[in-house]
Amino acid sequence: ALEAYLARIGFEGEALPNLATLKKLHRLHVRSVTFENLDVQLGTPVSRNPRAAFRKIVVKNRGGWCFETNGLFAFMLEAIGFRVQRLAGAVMREKLGDGMIGNHLTLVVKLL
């Protein structure tokens with residue numbers, strides 16, 4: 001799975017759990033995996049399962065919403081050896097209030 005993901009985003013070289021690799025992975029992931037919410041708009045069920053995100057993003061060569069794109073990124077980082085903490089974010093909280101807490105997945109990556 002990791003090799004297919006790395007190929008999908010165009011990563012070349014050895015993926016090591018260090019800052020240089022993290023920067024490269026982040027840049028490639030953001031450039032290669034677009035945000036999309038087509039499934040939501042079409043009423044197609046979406047999942048927070050990283051395996052479902054892998055099928056959608058890597059196998060089907062699509063983008064996804066934050067729980068899919070960031071969830072897959074976290075899953076792949078962990079496969080490389082990074083320690084990843086998932087946090088609940090809040091898109092548009094300033095405008096729409098605290099009810100927005102948890103509507104976005106954010107990541108904290110800790111280097112060993």
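Where does N61 sit, in terms of the loop and the elements around it? N61 belongs to the loop between α4 (50–59) and α5 (66–80).

This is a predicted model, where local features need pLDDT of at least 70, side-chain atom pairs count only at pLDDT 80 or more, and totals for chains, interfaces and linings use all residues. Numbering runs from 1 along each chain as its sequence is written, and side-chain values use heavy atoms, with hydrogens and water left out.

View A. N61 is not a glycine, yet has a positive phi of about 60 degrees. Its relative accessibility is 53%, so N61 counts as exposed (buried is under 20% relative accessible area, exposed over 50%, partly exposed in between; 1.4 Å probe, protein chains only).

**View B. K110 in strand β2.** K110 is part of β2 (residues 104–110); helices (H or I, at least four residues) and strands (E, at least two) are DSSP runs, numbered from the N terminus. K110 is partly exposed, at 38% relative accessible area. Leaving aside residues up to four places away in sequence, K110 touches R83 and Q85 (contact means heavy atoms within 4.5 Å). N18 is 92 residues from K110 in sequence, but their C-alpha atoms are 9.5 Å apart.

**View C. Lining of the largest pocket.** The lining counts 13 residues, with H29, V30, V33, T69 and N70 nearest the pocket centre (a pocket is an open set of points on a 1 Å grid over the protein atoms alone, where a 1.4 Å probe fits, with protein on both sides within 12 Å along at least five of seven lines; lining residues have an atom within 4 Å of a point). α5 gives the most, four residues.
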